[in-house]
Amino acid sequence: MKTKLGISVAMFAAGTYLLGLFSGYLALLLIAGYVLICESDEWLKKAVVKALVVTVAFSLISAIIGLIPNAISLVDGLFSIFGGHFSILFISRIISFINTVLSVFEKLLMLALAFLALDGKTIKLPVIDEFIEKHM
């Protein structure tokens with residue numbers, strides 16, 4: 001099946017996953033908006049929304065994990081008012097490692113989704129798939 005742009009649905013979905021991996025939210029939102037408004041293929045719509053949701057989910061997880069070093073920095077700032085110092089270097093290193101692991105996992109997942117999309121397949125991501133089913 002082809003999109004209205006003349007490329008295959010599979011290629012479009014794969015390109016969207018790669019767009020989610022390599023570009024920012026604006027491009028991904030524009031593509032998702034186009035597909036949701038103009039295209040009729042349900043699998044393509046779900047694939048595009050999945051690309052958007054996966055990208056946002058990884059950003060949210062990273063932001064939540066990033067709150068821990070921010071909280072430590074806040075406490076350090078409070079202690080510095082009174083001439084003290086507060087730092088837990090060990091936790092900061094763990095958070096940095098976790099963020100690196102998340103980044104690598106996101107890249108591998110998006111690449112896998114893109115390559116599977118070329119065959120019209122996907123990876124089951126229970127929480128994300130349920131979210132998409134509930135809201136589409």
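**Notebook: a serine and the ring pairs**

I looked up Ser96 and found it in helix H4, residues 89–117 (helices are DSSP runs of H or I with at least four residues, numbered from the N terminus). The model is predicted: local features need pLDDT of at least 70, side-chain atom pairs count only at pLDDT 80 or more, and totals for chains, interfaces and linings use all residues. Residues are numbered from 1 along each chain as its sequence is written, and side-chain values use heavy atoms, with hydrogens and water left out.

Ser96 is partly exposed at 43% relative accessible area (buried is under 20%, exposed over 50%, partly exposed in between, with a 1.4 Å probe and protein chains only). From Ser96 to Pro69 I read 9.3 Å between C-alphas, across 27 residues of sequence.

Next I searched the whole structure for aromatic pairs and got 2 (rings of Phe, Tyr and Trp, the last by its six-membered ring, pair if their centres lie within 6.5 Å; planes under 30 degrees apart are stacked, over 60 edge-to-face, the rest tilted).

Phe12 and Tyr34 have ring centres 6.1 Å apart and planes at 40°, so I logged the pair as tilted. Phe12 is in helix H1 (residues 9–22) and Tyr34 in helix H2 (residues 25–38), so the pair ties together parts 22 residues apart in sequence. Phe12 is buried at 8%; Tyr34 is partly exposed at 22%.

Phe58 and Phe105 also form a tilted pair, at 5.9 Å between centres and 55° between planes. Phe58 belongs to helix H3 (residues 42–81) and Phe105 to helix H4, so this pair links parts 47 residues apart in sequence. I noted Phe58 as buried at 10% and Phe105 as partly exposed at 47%.

Notes:
Helices (H or I, at least four residues) and strands (E, at least two) are DSSP runs, numbered from the N terminus.
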